[in-house]
Amino acid sequence: MIIARRVKPLKLLWLEALMRRLLKDDVEFHYFQEQYRRLDAGFAGEQKVDREWHELICPNNFYVLNNLHFMNAAEHGHQLDTLFICPQFMFVLEIKNIHGRLEFDQLTHQCTRTKVDGTVEGFPNALTQTERHIRFLKSLIANYPLPIEGAVVIANPSAIIINPSNALPIFHVSGLHKHLQLLFKKYPQKIITEDQLTQLVQMLLSKQTAPRMQTSIAPSRIRHGVLCPNCSYQHAMSFQRGTWKCSYCHYSSIKIFAEALLDYRLLVSHNITNQQLRTFFGIHSSDTATRLLRKFQFPYTGTYRNRVYHLPENLLDHMERFY
């Protein structure tokens with residue numbers, strides 16, 4: 001078995017950085033806070049499902065791919081939470097980590113949640129999303145005769161499922177193993193070879209597109225500086241002799257700069273100059289800023305005075321090599 005490691009989606013990383021830095025009196029603070037809460041809960045639910053794969057008894061080799069992003073012919077995106085692939089079939093999982101009384105109306109194609117306090121909320125219909133993904137995958141793997149199944153998996157054990165669909169299964173994560181065993185009984189024979197399975201997975205990974213970030217925020221709305229994690233990011237740290245120090249709690253760290261620079265990359269820009277570094281992180285010396293930027297060997301363009309440093313996508317891993 002090959003289970004891909006699930007990484008945090010770009011939007012969640014963006015919201016994490018924003019929650020560290022957005023001014024508390026910002027007009028949209030509570031809106032972004034709720035967005036972060038929902039996306040973080042969703043990621044936690046996906047991680048719950050991930051743990052189930054390691055206990056799966058499967059008659060053949062299989063792959064589990066997570067957070068796949070595709071673009072269809074109409075330039076509309078498809079984000080698949082989890083895709084299980086084996087020589088007998090493919091299985092699309094739409095994972096939801098929500099609580100309350102969940103009702104799926106097959107006539108209106110709407111999902112509603114009723115909370116304990118009686119509040120009713122509408123959600124995008126996970127059944128419709130899953131069916132859409134299945135249709136897209138069928139066109140994408142037209143050269144491979146694998147059947148494609150799908151299901152909505154509820155990761156929150158306190159959720160109560162009402163009116164489950166006749167078209168697609170809806171069940172709690174605890175039922176994942178049983179459902180997979182039913183699929184193995186439904187498709188007992190290999191349809192593709194192990195080599196074809198590997199080729200299929202490689203093809204799917206090659207077809208991925210980078211997720212699009214359509215949200216931007218003005219730098220004036222966020223707190224600048226290297227923020228102290230020991231103070232729950234409430235106080236800025238100062239740079240003293242190669243180390244970042246908090247004057248409030250006296251916590252010190254060399255590596256905390258990597259997290260702060262990632263915040264800058266996510267919220268402000270993928271590029272940074274000496275002047276921008278000094279302004280955003282409170283560094284007074286141009287020479288100190290230059291040494292700090294050169295230490296991490298970021299790629300750059302421009303001459304010495306007009307140099308622009310380009311912050312790589314794998315920023316944390318890149319910087320870790322130089323500590």
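Is C231 buried or exposed? I found C231 buried, because its relative accessibility is 11%; buried means under 20% relative accessible area, exposed over 50% and partly exposed in between, with a 1.4 Å probe and protein chains only.

A note on ground rules before going further. This is a predicted model, in which local features need pLDDT of at least 70 and side-chain atom pairs count only at pLDDT 80 or more, while totals for chains, interfaces and linings use all residues. Residues are numbered from 1 along each chain as its sequence is written, and side-chain values use heavy atoms, with hydrogens and water left out.

**Cysteines.** I stayed with C231 and looked for a partner. The closest cysteine sulfur belongs to C249, 3.5 Å away, so the pair is too far apart for a bond; a disulfide needs two cysteine sulfur atoms within 2.5 Å. By that rule I count 0 disulfides. I also checked C111, which is buried because its relative accessibility is 2%.

**Overall picture.** I logged 9 helices and 17 strands for the protein. These are DSSP runs numbered from the N terminus, helices being H or I with at least four residues and strands E with at least two. The C-alpha trace spans about 70 × 55 × 40 Å along its principal axes. Of the 323 residues, 45% are buried. Among contacts with a separation of 6 or more, 61% join residues 24 or more positions apart, where contact means heavy atoms within 4.5 Å.

**Helices α1 and α2.** How do the axes of α1 and α2 cross, and at what angle? I noted that α1 (residues 10-21) and α2 (residues 29-52) have axes that come within 9 Å and cross at roughly 135 degrees. The two helices are therefore oblique to each other. For reference, angles under 35 degrees count as roughly parallel, over 145 as roughly antiparallel, 65 to 115 as roughly perpendicular and the rest as oblique; they run from 0 to 180 degrees between N-to-C directions, with axes fitted to C-alpha atoms over the stretch in contact. On the α1 side the contact includes W14, L15 and L18, and on the α2 side F32, Y36 and F43 are among the residues involved.

**L22.** I next went to the loop between α1 and α2, where L22 sits. L22 is buried, because its relative accessible area is 0%. Leaving out residues up to four places away in sequence, L22 touches E28, F29, F32, I217, R221 and I222. I also checked L22 against Y304, 282 residues apart along the chain: their C-alpha atoms are separated by 33 Å.
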